[in-house]
Amino acid sequence: MAANFWTSSHCTHWILDRRRVAEAMKEDLEYVNIDTLTKIKMWYYGIIGKIGKRLQFRQQVVATAIVYFKRFYTKNSMRSTDPSLVAATCIYLACKIEECPQHIKHIIQEMKHALANLGGFDYDTSKVAEFEFYLLEELEFYLIVYHPYRDLTLIAKDLKLEESNLQTAWFVLNDSYRTDVCLFYAPHMIALAALYIICVVHAEQYNDNNNNGGSGHSIANSGSSSNPNTMDDSGILGHNNIHLAQLNSSNSVIKAPGAGGGSQNNPTTSSSSSNEGQGINNRNMVQWFADLNVDIEEIIEITQEILSLYSIWKDYEEEQVPAMMQALKMEFDESYELIDPQLEAMQ
Amino acid sequence: MEEQEEEEVQEHFDLPPMNMTEYKQKRDSCRQKIASKYDILGFISSGTYGRVYKAKSKIKDDNKEYAIKKFKPDKEGEAATYIGISQSACREIALCRELHHENIVGLEEVLLEDKSIHMVFEYAEHDLLQIIGFHSHPERKFMSEYTIKSFLWQLLNGVAYLHANWVMHRDLKPANILVTANGVVKVGDLGLARLFYKPLQPLFNGDKVVVTIWYRAPELLLGSRHYTKAIDIWAIGCIFAELITLRPIFKGEEAKVENKKTVPFQKNQLQKIFDILGNPTKERWPTIDQQPEYPNLASFRQTPNVLRSLYQQWPIKSEQGCNLLAAMLEYDPLKRITAEEALNHPYFQEDPKPGLESFAGQPVEFPLRRITNEDKDMRATANVQKSHPVPAVKDDRLTKRPRVDA
């Protein structure tokens with residue numbers, strides 16, 4: 001288990017089929033479109049992250065809470081449940097499992113604070129505690145979650161990756177929790193995808209910038225901390241840095257390394273030599289990925305999923321969320337009233 | 001679970017009320033009743049965590065027996081507000097759900113009923129406390145070396161698996177080492193166990209006191225903040241000695257906890273250890289002076305290490321057995337033998353070699369685990385087996401957890 005992902009419940013029970021997740025979203029999608037639903041979910045992940053920050057959790061605790069939240073919603077619709085109660089309970093349970101128990105009252109207090117502008121949080125201690133049972137049941141009592149951070153750190157060490165790049169990759173991992181990749185892929189694959197984004201996709205952008213005389217490079221400097229253990233919930237998103245978002249549009253076709261895609265639009269041959277000592281050697285990295293004994297297509301899939309997040313993120317505005325929620329939660333009663341007169345007329 | 005009215009009153013000012021009643025009803029209606037799956041045969045024991053019952057599956061082809069551990073809800077304050085499942089239950093569920101090993105007690109399933117968690121474990125007829133008790137009363141009759149060695153090897157085998165998976169048990173003692181009717185060891189009670197992969201805080205910050213006093217390693221007694229899996233090996237060493245002599249090797253008296261913030265210095269327990277192993281020195285334990293309670297060691301009288309001469313009076317004659325015991329009771333946690341190394345120790349290569357059926361060749365018939373029908377909580381649904389020739393051992397160690405904080 002803890003030493004072996006392959007025998008863990010995460011691997012054997014919680015790497016899911018996309019169809020199952022799509023099935024759970026069906027009801028919600030009758031009320032809002034997929035982008036809106038994604039944004040609503042992103043908003044809740046943000047709430048979990050915010051509370052984690054305020055209560056000074058390690059990133060792993062936040063990540064576990066988000067995974068619980070996602071797992072819950074692979075079996076339920078947002079419409080038929082209250083995501084704020086689910087989120088609070090996920091945080092409460094994740095703290096216990098990650099060995100940093102918090103008083104339930106603190107979490108409720110923080111929820112009230114975070115949801116002040118969106119209907120508040122009307123649940124007391126006993127409601128959250130009671131809901132913990134339901135959450136445990138939905139999680140099938142499988143509570144230990146693996147995260148890509150550990151893999152990233154190990155690989156980075158192996159690659160002698162520069163600190164700033166490790167940090168950026170770390171932020172990409174933080175962002176990855178706003179997508180569903182943790183439901184479909186093994187953590188080490190997600191870690192590799194984050195590296196791929198940094199070292200291959202992003203390096204091209206990087207080199208382009210450099211060749212064009214681009215001045216600074218802000219992504220690599222986006223964090224203030226240099227110790228990965230203290231990197232908390234910051235993501236690329238959280239730093240007002242849209243380089244990666246731009247990247248998605250400017251470089252929307254990502255090619256598998258070694259799949260014949262390296263020649264066009266690839267400035268590496270000229271730039272890699274000029275960038276020696278920068279830690280990222282694009283061509284070497286492409287080769288490194290090509291040599292890995294993993295399914296490179298899967299890494300590309302994860303990469304694309306994370307990058308598509310950045311494009312959704314571009315037109316995400318927090319102020320829109322209440323309206324989105326309202327659409328999602330459109331009253332049962334109201335809709336009956338709308339239908340009823342017609343029915344009566346027909347009869 | 002039936003807050004229908006309250007839920008409906010709820011108001012969010014921006015949004016329509018988010019009613020969870022429907023969700024809850026849906027879930028509640030498809031939940032299987034324990035009584036529909038298991039016959040409760042009787043009550044086994046209780047502790048701070050809750051109560052344990054013996055049960056039998058209702059499925060026709062399943063003749064297996066189970067132990068159902070029903071957790072008391074974690075309540076707080078005078079109003080006794082329910083505040084969710086306890087940290088201990090969380091740990092036990094999370095870990096047992098992942099661990100699968102012949103020598104670790106198997107978790108069949110977890111069920112919810114009556115606002116309580118019920119963990120359904122495979123049933124084990126015996127435990128080492130009960131077996132040691134049986135061999136000590138009314139008169140002392142030693143266990144065979146084969147049985148002892150088989151227990152020890154399987155215990156190490158289970159703990160090696162835990163350690164390989166970054167799990168520390170932290171409460172190994174005879175009462176928590178279960179043994180099936182066939183003599184297979186099952187390490188049980190993972191309520192204090194936790195993962196120790198790169199903890200970001202010293203383990204000490206989580207639980208101030210771990211391991212029952214007689215089995216507590218010297219580094220814990222000296223206040224170590226960053227203790228390691230070696231504490232489990234010390235406890236196994238103590239259990240090994242106890243299996244041989246049928247008496248706890250270091251039977252100290254626990255200094256009572258005065259307040260929850262400070263942990264008392266366990267002078268008496270350390271004295272019991274020094275009486276047998278001699279005083280720890282910088283030669284034996286180079287970093288001993290870094291232990292928080294080190295200054296307190298000056299007040300102890302000087303005693304020699306008498307473990308070997310003591311061992312010679314014991315019924316097991318193997319010198320390798322003594323070497324292994326000494327290696328597990330090494331003062332310095334870094335020098336202490338690991339579970340993996342212990343499994344490869346020459347002692348296990350000698351005859352009698354250990355086996356899975358620890359009772360093989362033992363002429364004794366062990367009494368079955370005593371179960372009663374007096375519990376009002378989960379009423380027995382089947383006739384209680386008439387099988388209690390000896391009274392259940394009344395011993396604190398059965399139920400007491402070595403913890404101060406909640």
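Select Lys160(A) to begin: at 72% relative accessibility, Lys160(A) counts as exposed (exposed is over 50% relative accessible area, buried under 20%, partly exposed in between, with a 1.4 Å probe and protein chains only). Before going on, some ground rules: this is a predicted model, where local features need pLDDT of at least 70, side-chain atom pairs count only at pLDDT 80 or more, and totals for chains, interfaces and linings use all residues. Residues are numbered from 1 along each chain as its sequence is written, chains are lettered from A and ligands numbered from 1 in the order in which they are written, and side-chain values use heavy atoms, with hydrogens and water left out.

Lys160(A) sits in the loop between H8 and helix H9 (163-176) of chain A; helices here are DSSP runs of H or I with at least four residues, strands are E runs of at least two, and both are numbered from the N terminus. Check the backbone: Lys160(A) is not a glycine, yet its phi is positive, about 50°. Most residues other than glycine have a negative phi, and most peptide bonds are trans.

Now jump to Phe141(A), in the loop between H7 and helix H8 (148-159) of chain A. Phi of Phe141(A) is also positive, near 65°. Is Phe141(A) buried or exposed? Phe141(A) counts as buried because its relative accessibility is 6%.

## Stop two: where the chains meet

Show both chains and colour the residues in contact (heavy atoms within 4.5 Å).

Between chain A and chain B, 15 residue pairs are in polar contact, both residues being at pLDDT 80 or more. Which of them to highlight?

## Stop three: pairs across the interface

The interface holds 5 salt bridges, a salt bridge being a side-chain nitrogen of Lys or Arg within 4 Å of a carboxyl oxygen of Asp or Glu. Zoom in on Glu130(A) and Lys24(B), whose side chains meet in a salt bridge (2.9 Å, N to O). The pair runs from helix H7 of chain A to helix H2 of chain B. Glu130(A) is buried at 4% relative accessible area, and Lys24(B) is buried at 3%.

Then try Arg31(B) with Glu137(A): the closest N and O atoms of this salt bridge are 2.7 Å apart. For a network of salt bridges, select Glu99(A), Arg91(B) and Arg194(B).

Arg27(B), in helix H2 (residues 21-29) of chain B, deserves a selection too. What does Arg27(B) contact, leaving aside its neighbours within four places in sequence? The list is Lys75(A), Asn76(A), Tyr134(A) and Glu138(A). With Asn76(A), Arg27(B) makes a side-chain polar contact of 3.0 Å. Arg27(B) counts as buried, at 15% relative accessibility.

## Stop four: over to chain B

Chain B has 13 helices and 12 strands, and buried residues make up 57% of its 406 residues.

Select Glu102(B) and Lys186(B): this salt bridge has its closest N and O atoms 3.8 Å apart. The two residues are 84 residues apart, with Glu102(B) in the loop between helix H4 (87-96) and strand E6 (107-113) and Lys186(B) in strand E11 (residues 185-187). Glu102(B) is partly exposed at 42%, whereas Lys186(B) is buried at 7%.

Finish on two cis peptide bonds. From His137(B) to Pro138(B), omega is near -5°, and Pro138(B) is in the loop between helix H5 (128-136) and helix H6 (145-164) of chain B. From Asp351(B) to Pro352(B), omega is near -10°, with Pro352(B) in the segment after helix H13 (339-343) of chain B.

Definitions and conventions: A polar contact is a pair of N or O atoms within 3.5 Å; within protein, one must be able to donate a hydrogen and the other to accept it, and residues adjacent in sequence count only if both atoms are side-chain atoms.
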